[in-house]
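This report goes through the structure part by part. The sequence and the model are shown first.

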Number of protein chains: 2
Amino acid sequence: MTRSRASYRTIRDEISRRIASRVWLPGALIPGEEALAGEFGAARATVNRALRELAEQGLVERRRKAGTRVALHPVREARFAIPLVRHEVEAAGQVYGYRFLSSVVVGAKGQVAERLGLADGARLRHVQALHLAGSAPFQFEDRYIILDTVPAAQDADFSAIGPNEWLVETAPFTHAEFSFFADAAGKEAQHLGIAPGAPVFVGERITWLAERPITLVRMVHPSRYRMVTRL
Amino acid sequence: MTRSRASYRTIRDEISRRIASRVWLPGALIPGEEALAGEFGAARATVNRALRELAEQGLVERRRKAGTRVALHPVREARFAIPLVRHEVEAAGQVYGYRFLSSVVVGAKGQVAERLGLADGARLRHVQALHLAGSAPFQFEDRYIILDTVPAAQDADFSAIGPNEWLVETAPFTHAEFSFFADAAGKEAQHLGIAPGAPVFVGERITWLAERPITLVRMVHPSRYRMVTRL
DNA sequence: TGACACAATATGTCTATACATAATAGCGTA
DNA sequence: TACGCTATTATGTATAGACATATTGTGTCA
């Protein structure tokens, strides 16, 4: 009976349900893997996988010897996919457009040098481009590429393919830092077709290849943009 | 030899390294689990776990029978922790302050009713509050709680403890939708101590308990706020 | 009483094996 | 050639058993 195919999914969802329905209260210790394995008629490894996923979701906290307890303040995390702009636009059912604006090689200085941990004067390629959804501006891209780390970027042609797309295929990264915030539109206002000072949604990203910075990019969206995720 | 303690971490990191160093190029098929198990002197299950994690990170794509290949456009995902405001402020080393602003029970209507999938007139408790970091406004919270789903919220006292904190301990959620965007400050400007129309960073969240909406909240931050994550 | 060592314990990980399942590739037939 | 069935194959999941490791709690000794 209940040849219930006690898969780790079943177990995970059932435990999740018990937490949601307050059978197991926040902070409470839940039965050990062995006990649950008994209850569900599964192997401990199966229960382990179920609990491990719940812990990743932040629904429970696990500690050796201490056991598993329902998270008191479920510090859950939202996950946002970071796709290519092109894919993002196309996924919304619109036609992607790309407009190259400018490119120049400069020496690192000031805030940019500091944020990248570079000595003043390190050579950077500074690229600006505009991404369109249909005929409407979608994202203004303002990017610095560290030529020491990615020498090939020196001569890359960004007039047809965006530097982002070029980079993901050419220079994989190992670490990254993302930050998102609201700002008032500055010089990019004209490219985005909005008034100077209008609110914009800014995403900044720095990527590294094992301690060496690859690129710093500032992606500016008009305020109609929404970054959405579900869980 | 290489009694190398071939843990799944070791394997995962080594594969990750090979991808980063372009030993295995984007789009390329990498050896099967069996082969890798052989190479690393591990069981297939161990290799499986390593690859499964890499797939979750978006670094590789796996399909039955087709095998595992290096993601062409690594659609990686950034994960943002969604902590309690209080913890967020305290983690920044500042003193958390809370100011209750208003609370009223209203009937659902218009956009709010629509977004929550509620019939017009469903009873909601509408709460407004301000969260402070030190003496500076940190977040303006504008929340609707669906009383059908959380009857206890009818009489809860939000003058000392914020509705967010009350909810996470009282009404765990099973699903959620997050969205983030930039906007121009409206009526909340005065509470945040900024000029009307100044850019603000807005986080909206809807949570559900198994198809039943719990709450809709709009969290408004002054533009100095940054949402940051690393990976 | 306090500090420290140690045993007990729950989770963490690995192995070997088996069967399940999705998806491809190839074969045979119309 | 086109279509559809089938065998094959790589991943997906489950199992029992074992050992590893972190952490708690206890007991001992100063």
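This is a predicted model: local features need pLDDT of at least 70, side-chain atom pairs count only at pLDDT 80 or more; totals for chains, interfaces and linings use all residues.

One pair of partners is A:Arg62 and A:Thr68, the latter in strand 3 of chain A.

The pairing belongs to an open sheet of 3 strands in chain A, with the order 1-3-2 and antiparallel pairing. Strand 1 (29-30) and strand 2 (60-63) of chain A are at the edges; each has a single partner strand, so one side of each lacks a neighbour in the sheet. Strands of a sheet pair through backbone hydrogen bonds, either parallel or antiparallel.

## Chain A as a whole

Chain A contains 7 helices and 11 strands. Its C-alpha atoms fill a box of roughly 70 × 40 × 30 Å along the principal axes. The radius of gyration of chain A is 24 Å, whereas a compact globule of 231 residues would have one near 17 Å.

Buried residues make up 35% of the 231 residues of chain A. Among the contacts in chain A with a separation of 6 or more, 56% are between residues 24 or more positions apart.

## How the two chains are related

What places chain A on chain B? A turn of 180 degrees with a shift of 0.0 Å along the axis does so, with an RMSD of 0.2 Å. This is the relation of a two-fold axis. The same surface serves both copies, as 98% of the contact residues of chain A recur in chain B.

Which residue of chain A comes closest to the rotation axis? A:Arg79 does, with its C-alpha at 2.0 Å.

## The contact between chains A and B

Chain A and chain B each bring 42 residues to the contact. On the side of chain A, at least two residues each come from helix 1 (8-20), strand 4 (76-82), helix 6 (163-170), strand 8 (175-184), strand 9 (199-209) and strand 11 (227-230). Strand 8 of chain A gives the largest share of that side, 10 residues. Sorted by class, the side of chain A that touches chain B has 27 nonpolar, 7 polar and 8 charged residues.

Strand pairing also crosses from one chain to the other. Strand 11 of chain A and strand 8 (residues 175-184) of chain B run antiparallel and are joined by 4 bridges. Here A:Arg230 has B:Glu177 as its bridge partner.

## Strands 8, 9 and 10 of chain B

Within chain B, strand 8 is joined to strand 9 (residues 199-209) by 10 bridges, and the two run antiparallel. In this pairing, B:Pro199 of strand 9 stands opposite B:Ala184. Strand 9 of chain B also pairs with strand 10 of chain B, in the antiparallel sense and over 10 bridges. B:Val202 stands opposite B:Val220, which is in strand 10. Strands 9 and 10 of chain B form a hairpin with 2 residues between the strands, and B:Ala210 takes a positive phi near 50 degrees in it.

Strand 10 (residues 212-222) of chain B holds B:Arg218. Is B:Arg218 buried or partly exposed? B:Arg218 counts as partly exposed because it has 17 C-beta neighbours inside 10 Å, and a buried residue needs 20 or more. Leaving out residues up to four places away in sequence, B:Arg218 touches B:Asp142, B:Val202 and B:Glu204. From B:Arg218 to B:Gly38 there are 180 residues in sequence and 53 Å in space, C-alpha to C-alpha.

Two or more residues each come from helix 3 (44-57) and strand 3 (67-70) of chain A and from helix 3 (44-57) of chain B. Helix 3 of chain B supplies the largest share, 4 residues. The surface near DNA strand C has 7 nonpolar, 6 polar and 10 charged residues.

DNA strand D is surrounded by 21 residues, the closest being A:Ser7, A:Tyr8, A:Thr46, A:Lys65 and B:Gly32. Helix 3 of chain A, together with helix 3 and strand 3 (67-70) of chain B, are the elements that give two or more residues to this surface. The largest share near DNA strand D is 3 residues, from helix 3 of chain B. By class, this surface has 7 nonpolar, 6 polar and 8 charged residues.

Definitions and conventions: Residues are numbered from 1 along each chain as its sequence is written. Chains are lettered from A and ligands numbered from 1 in the order in which they are written. The radius of gyration is taken over C-alpha atoms; the globule rule is 2.2 Å times the number of residues to the power 0.38. A residue is buried if 20 or more other C-beta atoms lie within 10 Å of its own, exposed if 12 or fewer, and partly exposed in between; C-beta atoms are placed from the backbone. Two residues are in contact if their C-beta atoms, placed from the backbone, lie within 7 Å. Ala, Val, Leu, Ile, Met, Phe, Trp, Tyr, Cys and Pro count as nonpolar, Asp, Glu, Lys and Arg as charged, and the others, Gly among them, as polar. Two strands pair if DSSP finds at least two bridges between them. Copies are superposed by least squares on the C-alpha atoms of residues with pLDDT of at least 70 in both. A residue is near a molecule or strand if its C-beta atom, placed from the backbone, lies within 6 Å of it.
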